[in-house]
Amino acid sequence: MAQAIQISLQVRFGDIDAYNHVNNVVYLQYLEDARIRLIHTPLGTPESPGTSFNDLIGDGLFTLVSRNEIEYLAPIAFRTEPVFVNIWVTHVGGSSFDFGYTITDADTSVVFAQAATSMVLVSRTTGRPVRLTEAQRNALQTWRGGPVVFRRRPVDPAAATLATQGAL
């Protein structure tokens with residue numbers, strides 16, 4: 001992981017479900033907390049010291065989640081020590097960008113989950129995607145790292161064909 005930033009989050013008692021571990025839905029909240037903290041982190045570049053990615057978005061635009069993927073690797077039981085979300089940018093497209101994450105112990109020796117989120121920059125006026133500016137692209141490059149490598153099941157060619165034809 002290249003330019004990940006690590007954000008600590010406290011496991012709350014309310015995060016725990018009937019199975020005595022953090023509920024799967026809460027992981028999405030952990031990812032959201034990390035994203036919000038990252039986009040508000042000052043870039044510290046000579047061109048714009050103190051400016052965050054959120055500042056570069058401005059009032060006329062906003063970001064929407066277009067996709068989430070989480071792979072759960074180990075349960076998180078209630079604990080008084082925080083968990084850590086490591087977040088980085090894995091891809092920058094025309095109007096979209098992707099984040100990669102791991103949820104770990106502080107020293108990253110235990111990885112509880114890994115995840116990816118795709119975001120789209122959207123106009124508040126039209127509701128349509130808007131191309132990232134050069135300044136926004138450069139800001140996202142600050143946190144650029146490698147892709148999240150998920151363990152995947154082999155794709156069934158017949159099921160893939162049916163899915164692309166809208167039959168599934």
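Me: What does buried mean here, in numbers?
Reply: Buried means under 20% relative accessible area, exposed means over 50%, and partly exposed is in between (1.4 Å probe, protein chains only). Tyr30 has 2% relative accessibility, so Tyr30 is buried.

Me: And what kind of model is this?
Reply: This is a predicted model, where local features need pLDDT of at least 70, side-chain atom pairs count only at pLDDT 80 or more, and totals for chains, interfaces and linings use all residues. Residues are numbered from 1 along each chain as its sequence is written, and side-chain values use heavy atoms, with hydrogens and water left out.

Me: How many aromatic pairs are there?
Reply: Six, from a search of the whole structure. Rings of Phe, Tyr and Trp (its six-membered ring) pair if their centres lie within 6.5 Å; planes under 30 degrees apart are stacked, over 60 edge-to-face, the rest tilted.

Me: What type is Phe13 with Phe78?
Reply: Edge-to-face, because the planes are at 75°. The centres are 6.0 Å apart.

Me: Where do Phe13 and Phe78 lie?
Reply: Phe13 is in the loop between strand 1 (5–9) and helix 1 (24–39). Phe78 is in the loop between strand 2 (61–72) and strand 3 (83–92). So the pair ties together parts 65 residues apart in sequence. Helices (H or I, at least four residues) and strands (E, at least two) are DSSP runs, numbered from the N terminus.

Me: Is Phe13 buried or exposed?
Reply: Exposed, at 66% relative accessibility. Phe78 is partly exposed, at 42%.

Me: Back to Tyr30. How far apart are the ring centres of Tyr27 and Tyr30?
Reply: 6.3 Å. Their planes are at 45°, so the pair is tilted. Tyr27 and Tyr30 are three residues apart in helix 1, about one helical turn. Tyr27 is buried, at 2% relative accessibility.

Me: Which residues form an aromatic cluster?
Reply: Phe53, Phe97, Phe99 and Tyr101 form one.
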